[in-house]
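This briefing is meant for a reader meeting the structure for the first time. Please look over the sequence and the model below before turning to the points that follow.

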2 protein chains.
Amino acid sequence: MKIALAQQNYHIGNFEYNRNKIIEGILWAKQKGADLVVFPELCICGYPPRDFLEFNDFINSCCSSIDEIKQFADTIGVIIGAPSRNKQKEGKELFNAAYLLYDKEIKAEIHKTLLPNYDIFDENRYFEPANEWNVISFKGKKLAITICEDIWNMGDNPLYRITPMEKLMLQQPDVMINVSASPFNVGQHIVRNSIVKAHTVKYKIPMLYCNAVGAQTEIIFDGGSLVYDGNGNKVFEMKYFEEDYQLFDISQFSKPETTTINSDTTYFYSTKEIAIKGNRLDYLTNEKNILEIRKALVLGIRDYFSKMKFSTALLGASGGIDSAVTQVLAAEALGKENVSAILMPSEFSTNHSVADATQLSINLECRHEIISITNIFDAILKELKPIFKDLPFDVTEENAQARIRGTILMAMANKFGSILLNTSNKSELATGYGTLYGDMAGGISVLGDLYKTQIYALAKLINSEKEIIPHSIITKAPSAELRHNQKDSDSLPEYSILDTILYEYIELRKSPNEIIAQGFENKLVSKILNLVNHNEYKRNQFCPILRVSNKSFGTGRRIPIVGKYLM
Amino acid sequence: MKIALAQQNYHIGNFEYNRNKIIEGILWAKQKGADLVVFPELCICGYPPRDFLEFNDFINSCCSSIDEIKQFADTIGVIIGAPSRNKQKEGKELFNAAYLLYDKEIKAEIHKTLLPNYDIFDENRYFEPANEWNVISFKGKKLAITICEDIWNMGDNPLYRITPMEKLMLQQPDVMINVSASPFNVGQHIVRNSIVKAHTVKYKIPMLYCNAVGAQTEIIFDGGSLVYDGNGNKVFEMKYFEEDYQLFDISQFSKPETTTINSDTTYFYSTKEIAIKGNRLDYLTNEKNILEIRKALVLGIRDYFSKMKFSTALLGASGGIDSAVTQVLAAEALGKENVSAILMPSEFSTNHSVADATQLSINLECRHEIISITNIFDAILKELKPIFKDLPFDVTEENAQARIRGTILMAMANKFGSILLNTSNKSELATGYGTLYGDMAGGISVLGDLYKTQIYALAKLINSEKEIIPHSIITKAPSAELRHNQKDSDSLPEYSILDTILYEYIELRKSPNEIIAQGFENKLVSKILNLVNHNEYKRNQFCPILRVSNKSFGTGRRIPIVGKYLM
């Protein structure tokens, strides 16, 4: 049997676009002589559709799309993902389903059993879990079809009480097929490989795993669909961060050997565990990981703009490393001609900041504009003088400068129909070292899931062949330049220390005592964790962050704003 | 048996505060001669604790609190709510539990079965559902203890497959006790009454229902704890929007009659269904409902400030109805001396705007300041002139004015340690008729869950005894005053029409065709729904909104930003 995998990039709620893409995939597979073509989870509407699923009309549109697509499933079988209505009175109104289309009909419907509801996932919000499990007979083969999370219930401490594959194995399937929408985070492809491998070693039949690709706002799907034979050997790994179509003849796969399980079939439940095994900061800044992150961010930017129907970006270029790296990635994603850098010096800006930011735009061949904020800042201070009187310069005036810049950037974005790229990093978002409506403004955050230490590693990677980012941007001490001689290190510890503490707390959920036990000062740890929790109100108003870790700020991390924990 | 209910206001994550409050409640109940005192769901840590539950240290703190509290549960039984660790290998790591403390020990532990995961609720994210059900024997009585949602699985189309009370009834309990954290929305107390009543009619034993009170960021718990006898008669309804302590002797309750079920025991699963039964806008602006909303909002403001440890508020006073109503509620919640109104006229402001806003502050005896934005706006235009050249005045310049105001308000808030109150309403948040980082700025949104039509009704209520809000603020045509002679009605239909369409779409999830079928123009409906979906990116960066409806923007409504539905 010849099975094709179509690893495609969908657009949530854009039924016409998704339908045309799926039909294109079917026609390709037919032309290649496939018996069956497999598409990713919820490909009909795009993943995650979130509360659109609560609209009956949205579900009707899904059904109409299936009706149109099934006309193309004549002599070829087609497996697609879509929500399906629960016909029983009890339980939630929908299932997360996979359909087998053939002979221009729906031949079978499979429901997802394990509904992820952690981090960015909310599937229990919408879906009722499957309560029966059947293999599907198709052209003489028995297919064990599962949906994404259904194959992730592994390890000594499983998250769910049911393991769907165990149920399906009772019916002696010939092949496992998994339709997924499994998002990227660093190292996730290793976990995926080990899970698919573990299944084929354990059950002695091949698995074809079809993932989605492309970014949906903050969530980046990385593709990398997998095929393993029934012997634990990798047959093929499809492209990462790109669409890809491949055909596999499963009759050509090597037959299962009767040897015992391979010793390297250990798997990891999550990248959290992988990270724990390594030295933390080393893991974060490992060159291979940084390379993956770069590809993910470029895809994230590109898809955000194309799905929002925008083509041009602008950003505030401070002469610092965050805006420099953001600009490089934006130019890579959108084309240099579509990225404008706005330099907004004040009386506190150093000359080298303007020079460095200008040089970067010259190197990248991006348009850049210089707009001074000095007169505007003076105008604001003048109006506030009768009220502020002789109160000393403090964070108020620092924030006001950042907000003037936010206002200018948004005016440029409004006038020229661009999206403002945010340049904040994870270290400053964590500690609240940023100004709401100021440098925290923007439509999408490019680097908000990268600690400062990772941004240095990314800058190094960018410059590895040729100096694109001026050297002095990388070497100078980080500064917000909102008062004379300000340095980040006036308020925060060195980034190598800060980032380690943040990683322990945010990614690993360690307690203050556990972090202190690693050799950090009690007072410093308290101060940092207090800052993280105190600044939830700021992050709550922040734009979506391209997610590259397994614990990004945003929808995957939900903290009560009035909460008083560790404060 | 004498059972006390302690309806208290907790602070999420503030273990010391919550513990002291619970101990205070125990001491009160002992002094009154109670055999048992009941506290609300998750009272140990406050509800909803959200991702704090993922921190092992947070769970340890919950356990320590229970240890301290149980010392006070000597001759009196104490039922408290707290997370509890799942000792089995399989499944999620926690249960949402209720503990019976007595003799200074944990005597029993009950797990919640039905985990709400819709709207603002995410309980499946953290908790494993109960898989056994036992009544608890205490001082000769058998208690059927359930937790909040456990009693809500009613109606012809139940959300869950299990009904915990059916399981518990097999063991012949004497009394039902429910510990809840059930949030306010309009009409919710009617639903609660009908559900508790339906249980006592059906099962012929009394029910004591203990709810939390107080706001946790956007979620407002309204109290109103209930006691019904085993005959479907209401024994007592505790205070709304206030803490309350009451003692009940269940041996004094009337004995169940053997008649058939009362005909008025129909219940409603949700206020959505109640609303559908009435005329929509009438229901929204019904005076009784508006009165409830007013109390909820005052509590919401007060608790947000006290839990964030702030005492003073400021707001931008435009002379319009939204800022006027916000100011009145803030003065009611925080005291007139703690609320400052900032008037920021521009060249487009009408004289009556400044006069009206000033008059309101005089009426309320609030401090007010006038800060003109004209010179600042000119300074910005001057800096942008070399880039904008002769491009016409458009939304860019309108937004820039709003953002200058945002910058001034935040400067005032920063300098004087106040929180900026946001004054946006639900109609404009829905349609995107507001400026991000401008009038959309603020720490908490007071009116963001009220349609404009409801704000008029609230203004009318406020003025019912005496004219607090100047009459002309209520009668003049709404305007953003960002260009000459601007009116809201230039861009939007009349609010009575707009709000009805919005309500049908947002609250009732109706399709365009269903809304058009009610007599609205096809083109208008398309335009409005397109605006709602298009502006998700703005609402995504909005502050928390005090929630008074059953579908507020914010955590209870999750829409993909790049989603293209109905656009």
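How many residues of domain 1 of chain A are in contact with residues of domain 2 of chain A? In this predicted model, 11 residues of domain 1 of chain A touch 10 residues of domain 2 of chain A.

**Domains of chain A**

- The domain assignment divides chain A into domain 1, covering 2–257, and domain 2, covering 286–488, and the C-alpha centres of these two domains of chain A are 40 Å apart.
- On the side of domain 1 of chain A that touches domain 2 of chain A, strand S10 (213–216) and strand S11 (219–222) of chain A each supply at least two residues.
- Sorted by class, that side of domain 1 of chain A holds 6 nonpolar, 4 polar and 1 charged residues.

**Contact between chains A and B**

- Chain A gives 78 residues to the contact, and chain B gives 78 residues as well.
- The elements of chain A that give two or more residues to the side touching chain B are helix H2 (56–70), helix H7 (287–308), helix H10 (374–388) and helix H11 (395–416), with the largest share, 12 residues, coming from H11(A).
- By class, the side of chain A that touches chain B consists of 36 nonpolar, 22 polar and 20 charged residues.

**Relation of the two copies**

Definitions and conventions. Residues are numbered from 1 along each chain as its sequence is written. Chains are lettered from A and ligands numbered from 1 in the order in which they are written. This is a predicted model: local features need pLDDT of at least 70, side-chain atom pairs count only at pLDDT 80 or more; totals for chains, interfaces and linings use all residues. Two residues are in contact if their C-beta atoms, placed from the backbone, lie within 7 Å. Helices (H or I, at least four residues) and strands (E, at least two) are DSSP runs, numbered from the N terminus. Ala, Val, Leu, Ile, Met, Phe, Trp, Tyr, Cys and Pro count as nonpolar, Asp, Glu, Lys and Arg as charged, and the others, Gly among them, as polar. Domain bounds come from an automatic or database domain assignment.
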